[in-house]
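Subject: Structure for you to look at

Hello,

Here is the structure I said I would pass on. Please open it first and keep it beside you while you read the notes below.

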Amino acid sequence: MNDNLKDLFDDDEREPVTNDAGFDAWIANVAPTLNAPGATPRHEMWREIQAARATAAEAQAGTVAGVTPIRRAPWRLLSVVAAALLLGVAIDRWALNGRTDPASVVSAPIVDSAFNDPARLYRLAASQTLTQAEALLTAFRASGPEERAAVGGDQLARWGGEVLGSTRLLIDSPAGSDPRLRALLEDLELVLVQLIQLSRGSVDPNDREHVNRALEGSNLLPRIRTAVPAGTPFSASTD
Amino acid sequence: METEGTLALAKAARTADQRALIERARRGDASAHRALYDTHVDRIYRLTFRLTGSEHLARDVTQDTFVRAFAGLEGFREDASIGTWLHSIAVSLALNAIKKDKRERDRNTSLDDAKSIATPAPRSDPLLRDRLLQAVNELPEGCRTVFMMHDAEGYTHDEIATALGIAEGTSKAQLARARQKLRVSLAQFAGEWK
């Protein structure tokens with residue numbers, strides 16, 4: 001979280017020369033009148049919070065239509081990672097080399113038409129990022145000791161950094177108009193920041209457990225799977 | 001010495017209380033969630049209102065802050081205070097909300113509206129305040145956040161630095177820059193403070 005906020009500030013701690021005590025005193029006097037809040041609507045907000053948490057709990061329990069409970073089978077995880085990597089390579093090759101061999105890329109016709117429609121392009125980019133995120137988070141969450149040895153903390157942090165970069169681009173994109181997708185991306189951003197922070201250097205088993213629990217709490221994986229249903233061009237869903 | 005010892009004991013007791021409260025909240029105790037909410041909601045709401053300038057956005061951001069915090073309590077590491085953690089989430093969400101709101105308003109603002117906004121205001125107190133608010137809203141995000149936290153809401157640089165995860169010196173520098181930019185933006189009203 002703090003990494004996210006740190007981006008707003010450069011590290012230069014030198015203060016510019018102001019030499020205007022009169023202005024500083026005036027602004028300090030006037031500033032408290034700017035955007036002055038009224039009474040806190042405590043009860044109304046608490047009701048909304050309770051309602052949001054109840055909805056999240058229902059989704060977690062699998063009682064919300066369209067939300068698939070999290071799967072744990074290791075072979076499914078491996079197939080998710082493999083599918084995401086293959087799709088990523090295919091898309092990159094197609095994007096870098098032009099349309100020299102469209103037949104080799106299953107999704108090429110869809111991508112082609114997407115270039116004419118920013119909203120569609122945005123959805124495709126979001127699908128790709130969410131697919132990558134699903135692969136990363138699922139692997140992180142459910143990998144066994146042998147996979148942990150193979151996928152070290154630094155590698156997880158790098159992978160997480162790439163997905164985080166894409167996620168932030170999507171959040172900041174003016175083409176993003178779906179509030180549910182935006183909320184999902186913002187939740188994903190928070191979890192990725194946490195995952196990256198904890199993955200730098202060595203990955204302590206307790207820290208892993210913290211991220212796993214945070215993932216369960218935010219219901220992120222089922223929401224990602226709902227947002228990227230099976231059969232969409234870049235999906236690597238476990239369904 | 002006795003006073004210092006008493007204060008240290010009181011602080012230790014508060015820390016222990018907070019840990020116990022967080023532990024209860026982690027186990028899903030609804031009364032612990034409510035206690036955390038009651039303790040921190042006023043400051044979070046005031047800050048988000050200051051940053052967003054909108055009751056609607058401040059409510060959304062405050063609610064979202066607590067929803068995410070309760071969902072993510074397992075990931076909270078107790079080397080920071082929960083208040084600091086909540087502030088960190090709230091500021092991040094508020095800045096995202098401001099960006100999104102600005103994009104939507106930009107889409108809906110006609111050229112005529114833009115021209116009327118750009119017209120210089122005559123010198124009088126309410127209009128000066130409008131111009132000041134406009135100038136504050138045009139500050140870079142980092143400067144604006146620190147300015148509103150420090151000058152409008154009364155946070156110390158130490159509190160700002162902890163909540164935003166930056167050095168105290170960076171907070172001071174951002175505030176000084178914010179004030180300098182505001183002084184330039186409001187130069188035509190210099191008589192008000194000279």
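A helix here is a DSSP run of H or I that is at least four residues long, and helices are numbered from the N terminus. With that in mind, one example: H8(B) is followed by B:Gly165, whose phi is positive, near 70°. The buried residues of H8(B) itself are B:Ile160, B:Thr162, B:Ala163 and B:Leu164. Please note that this is a predicted model.

The two chains

Chain A has 11 helices and 0 strands, so its pattern from the N terminus reads α-α-α-α-α-α-α-α-α-α-α under the definition of elements used here. Of its 239 residues, 31% are buried. If you take the contacts in chain A between residues at least 6 apart in sequence, 73% of them join residues at least 24 apart.

Chain B has 9 helices and 0 strands, and its pattern along the sequence is α-α-α-α-α-α-α-α-α. It has 194 residues, and 38% of them count as buried. For contacts in chain B with a separation of 6 or more, residues 24 or more positions apart account for 64%.

Where the chains meet

The nonpolar cores

In soluble globular proteins, nonpolar side chains tend to be buried together. The largest nonpolar core in this model has 48 residues. The members that touch the most other members are B:Phe70, B:Ala90, B:Ala94, B:Val146, B:Phe147 and B:Ala178. H3 of chain A gives two or more residues to this core, and so do H2, H3, H4, H6, H7, H8 and H9 of chain B. The element that gives the most is H4(B), with 10 residues.

Leaving aside its neighbours within four places in sequence, B:Phe70 is in contact with A:Arg53, B:Ala25 and B:His33. There is also a second, separate core of 29 residues, which includes A:Val163, A:Leu164, A:Leu170 and A:Ala214.

Helix H3 of chain B

B:Phe70 is also one of the buried residues of H3(B). This helix covers residues 55-71. At 1.5 Å a residue, its 17 residues should span 24 Å, and the end C-alpha atoms are 24 Å apart, which agrees. Is H3(B) enclosed or open? A residue counts as buried if 20 or more other C-beta atoms lie within 10 Å of its own. In H3(B), 12 of the 17 residues are buried, so this helix is largely enclosed by the rest of the structure. Among them are B:Ala58, B:Val61, B:Asp64, B:Phe66 and B:Arg68.

Two crossing helices in chain B

The axes of H7(B), residues 141-152, and H9(B), residues 168-185, come within 8 Å and cross at roughly 95°. Angles of 65 to 115 degrees count as roughly perpendicular, and H7(B) and H9(B) are therefore roughly perpendicular to each other. From H7(B), the residues that meet H9(B) include B:Cys143, B:Val146 and B:Phe147. On the H9(B) side, they include B:Leu175, B:Ala178 and B:Lys181. The contact has 5 nonpolar, 4 polar and 3 charged residues.

Two single residues

A:Asn35 lies in the loop between H2 and H3 of chain A. Most residues other than glycine have a negative phi. The phi of A:Asn35, however, is near 50°, a positive value in a residue other than glycine. With 22 C-beta neighbours inside 10 Å, A:Asn35 counts as buried.

B:Leu128 is in H6 of chain B, which covers residues 125-137. With 17 C-beta neighbours inside 10 Å, B:Leu128 counts as partly exposed. The C-alpha atoms of B:Leu128 and B:Gln188 are separated by 9.8 Å, although these residues are 60 residues apart along the chain.

Regards

How values were computed. Residues numbered from 1 in each chain as written. Chains lettered and ligands numbered in written order. Predicted model: local features only at pLDDT ≥ 70, side-chain atom pairs only at ≥ 80, totals over all residues. Axes fitted to C-alpha atoms, helices over the stretch in contact; angles between N-to-C directions. Parallel < 35°, antiparallel > 145°, perpendicular 65-115°, else oblique. Contact = placed C-beta atoms within 7 Å. Nonpolar A, V, L, I, M, F, W, Y, C, P; charged D, E, K, R; others polar. Expected span 1.5 Å × (residues − 1). Core = buried A, V, L, I, M, F, W, Y, C linked by C-beta atoms within 7 Å.
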